[in-house]
Amino acid sequence: FQMNPDIAVDAEGDFTITWEDNRNGPWEIYLQQYLSDGTPLEGNFKVEDAIYCDWAKEPSICMNEPGNFTVVWRDNRNDYFDIYCRQFLNNGTPVANSFQVNSDSGTSYHSHPRISIQDDGRFIVTWTDEQNGTNDIYAQRYWSDGLPYSDNFLIPNTEVMDQSYQDVILKNNLIYNTWHDNKSGQTGYDIWANVLDWDVGVGVDENLGKETATKPLLHQNYPNPFSESTNIKFDLPEPAKVKIEVFNHLGQKIETMLDKPMPDGSHKVEFTAVNLPGGVYLFKITANSSGEVSEFQQMKKMILLQ
């Protein structure tokens, strides 16, 4: 049996399909990559890397513009159903091993994962979770390199009933959610939805006028990984003198991209890799201002492909 497919498309129209498959006996997650005209690239290959897992099911896939993709699925490698995730480059090469998304451990049942990615590479995973005794919708946010943005959090703010079979879209730093819900003691279900803000994880209408940025924010570079150039974006809550530096994995400075006073707001600089070997690099922001934010430093990593 091959069942429950999902599909994602990149900016060029090339696409990847994932599904659950029991060709080897246990249920596993497989992939197939295609050109935009439907020509297959190589053959089917397995997504998960567990030595043995007999119930890997319910895959969901997302893809950014360059075609790098991420897959999530339900997995019982720990003898309980957890949500697992794995990232791949556009040629099908895994970025790293698969990792567990839900942070709780034990016998609670996790199922029906969904995933969405936005242009800067950040992505979100949602799933149905029974850790509170009834079905709830939980989520986890990630930077483009797979590092978690914060902890797992609840999507719906409703009474304890049954919220499940959710879907999610991440776009322009807003998290659009929908699910079915039998709140108010109904015997049937209605379709509910909300819109959450990426940064604070609360309803957009609750956030207006209550939360404002109090310190600079360095975004993950996009695209990442990259082969020639990549964009680095940062936000300033007030004017500041800003320095953007790039270092190799040994901590040796490669380039100072920016070193001058900048107004408040969102800014973007482009880093072009000239005669640099492939590998992991670090970029760092230092911001100094005379207001509430005196000095701020933040560093992130980026991956240069050969």
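**Strands and ring pairs**

Colleague: Which strand does tyrosine 176 lie in?
Modeller: Tyrosine 176 falls within residues 174-181. Strands here are DSSP E runs of at least two residues, and helices are H or I runs of at least four, numbered from the N terminus. That run is strand β14.

Colleague: Before we go on, what kind of model is this?
Modeller: Residues are numbered from 1 along each chain as its sequence is written, and side-chain values use heavy atoms, without hydrogens or water. Local features need pLDDT of at least 70 and side-chain atom pairs count only at pLDDT 80 or more, while totals for chains, interfaces and linings use all residues, as this is a predicted model.

Colleague: Is tyrosine 176 buried, partly exposed or exposed?
Modeller: Buried means under 20% relative accessible area and exposed means over 50%, with partly exposed in between (1.4 Å probe, protein chains only). Tyrosine 176 has a value of 36%, so we call it partly exposed.

Colleague: How many residues of strand β3 are buried?
Modeller: Strand β3 covers residues 28-34. It's largely enclosed by the rest of the structure, because the buried residues number six of the seven.

Colleague: Over how many bridges do β2 and β3 pair?
Modeller: Two strands pair if DSSP finds at least two bridges between them. Strand β2 (residues 15-21) runs antiparallel to β3, and glutamate 20 stands opposite isoleucine 29 in β3. The bridge count for β2 and β3 is seven.

Colleague: Which residue takes a positive phi in the hairpin of β2 and β3?
Modeller: This hairpin has six residues between its strands. The residue with a phi near 110° is glycine 25.

Colleague: On to β4, then: which residue there is the bridge partner of leucine 31?
Modeller: Strand β4 (residues 40-46) runs antiparallel to β3, and four bridges join them. Their hairpin has five residues between the strands, with glycine 38 at a positive phi near 95°. As for leucine 31, its partner in β4 is phenylalanine 45.

Colleague: There's also an open sheet of four strands; which are its edge strands?
Modeller: The strand order is β9-β10-β11-β12, with antiparallel pairing. Two of these strands each pair on one side only, and they are β9 (110-117) and β12 (153-154).

Colleague: Which residue of β11 stands opposite threonine 126?
Modeller: Strand β10 (residues 123-129) pairs with β11 (residues 136-142) in the antiparallel sense, over seven bridges. Opposite threonine 126 you'll find alanine 139.

Colleague: How far apart in sequence are the parts that tryptophan 127 and tyrosine 138 tie together?
Modeller: Rings of Phe, Tyr and Trp (its six-membered ring) pair if their centres lie within 6.5 Å; planes under 30 degrees apart are stacked, over 60 edge-to-face, and the rest tilted. The structure holds ten aromatic pairs, and the one formed by tryptophan 127 and tyrosine 138 is stacked, 6.4 Å centre to centre with 25° between the planes. Tryptophan 127 lies in β10 and tyrosine 138 in β11, so the parts tied together are separated in sequence by eleven residues.

Colleague: Last one: how far apart in space are asparagine 221 and aspartate 145?
Modeller: Asparagine 221 lies in the loop between β16 (217-218) and β17 (229-236). It is buried, with a relative accessible area of 0%. Asparagine 221 and aspartate 145 are 76 residues apart in sequence, but C-alpha to C-alpha the distance is 9.6 Å.
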